[in-house]
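Please look over the sequence and the structure shown here before reading on, and keep both in view as the text leads you from one part to another.

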Amino acid sequence: MYSLVIIPTYNEAENIDRLLPKILDQEAEILFIDDASTDGTAEKIKNWMKNSKRINLIERPAKLGLGTAYITGFKWALSRDYSYIFEMDADLSHDPAEIPNFIKKCSEGYDLVIGSRYTRGTISVVGWDFRRLLLSKFANRYAITILGLNFLTDITSGYRCYSRKVLENMNLDIIKSNGYAFQIEMAYRAYKAGFKIAEIPIIFYERNSGSSKMSKKIIREAAIMVWRLRFGR
Ligand SMILES: Nc1nc2c(ncn2[C@@H]2O[C@H](COP(=O)(O)OP(=O)(O)O)[C@@H](O)[C@H]2O)c(=O)[nH]1
Ligand SMILES: [Mg+2]
């Protein structure tokens with residue numbers, strides 16, 4: 001049972017040295033998808049690769065977006081024999097120590113396990129102001145309600161684990177969205193294809209280093225994408 005953690009990076013050099021030892025503590029391999037970061041992220045990763053065969057890197061020529069980065073990573077994973085394929089951010093918002101909990105949940109019969117900040121009515125987010133929290137809560141409620149996925153609480157979460165068969169079953173080439181829309185679309189398509197989705201509670205830590213790539217454009221894209229999905233276009 002091999003696990004792969006896919007991590008898209010854009011200017012995350014300050015986080016690599018702290019993130020990698022934590023993942024290497026786990027039984028998993030790592031694939032970075034770096035989009036021509038200008039701060040030396042890829043060089044940092046390559047330094048680590050000299051000492052660990054478990055680290056892999058795909059370099060893309062320009063900032064092409066989170067969605068296509070993951071699609072590239074998923075295809076790479078499917079051409080090898082990984083059973084569990086994770087999404088994780090590079091900014092230490094997601095604790096690699098949770099990896100076994102995702103796998104445990106998968107082994108209980110779930111095909112996609114999402115790390116949720118909002119299970120059982122709680123909020124487990126460290127470092128957000130009220131505005132940021134409201135935006136996230138509203139975005140989740142909006143997408144979950146429109147798509148009829150009321151058993152979920154955190155459909156925009158970027159910490160998740162797909163069992164291999166979900167990705168094998170999906171036509172990855174038709175997925176064009178980025179950012180939050182990408183997370184929403186992947187969950188919805190998995191659900192529509194009949195796969196079982198579960199959440200496990202996680203604590204989300206807002207980044208201390210580097211900067212967020214979230215933008216108004218990414219939020220707008222997600223708001224519109226939800227209706228496209230709903231009406232099957
Ligand atoms: N390869 C790649 N990675 C990206 C891109 N946009 C964001 N990321 C990475 O995706 C992860 C989540 O992005 P982040 O800016 O932290 O989003 P936030 O947590 O919603 O504020 C981080 O590891 C980023 O470096 C992109 O266009 N290409
Ligand atoms: Mg982040």
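The model is a predicted one, and a search through the whole of it finds 11 aromatic pairs. A pair of aromatic rings is described by the distance of the centres and the angle of the planes. Take F74 and Y162, whose ring centres lie 5.3 Å apart while their planes stand at 70 degrees, so this pair is edge-to-face, given that angles over 60 degrees are counted that way. Because F74 belongs to helix α3 (residues 66-78) and Y162 to strand β7 (residues 160-163), the pair ties together parts that are 88 residues apart in sequence. Both of these residues, F74 and Y162, are buried.

F74 also pairs with F182, and here the centres are 6.4 Å apart with the planes at 25 degrees, so the pair is stacked. This pair links distant parts of the chain, since F74 sits in helix α3 and F182 in helix α7 (residues 179-192), 108 residues apart. F182, like F74, is buried. Seen together, Y70, F74, Y162 and F182 are linked into a cluster by ring pairs.

Why does R131 count as exposed? Its relative accessibility is 72%, and a residue counts as exposed because its relative accessible area is over 50%.

Definitions and conventions. Residues numbered from 1 in each chain as written. Chains lettered and ligands numbered in written order. Predicted model: local features only at pLDDT ≥ 70, side-chain atom pairs only at ≥ 80, totals over all residues. Heavy atoms only, no water. Buried < 20%, exposed > 50% of the residue type's maximum accessible area, 1.4 Å probe, protein only. Phe/Tyr/Trp six-rings, centres within 6.5 Å; stacked < 30°, edge-to-face > 60°. Helix = DSSP H or I, 4+ residues; strand = E, 2+ residues; numbered from the N terminus.
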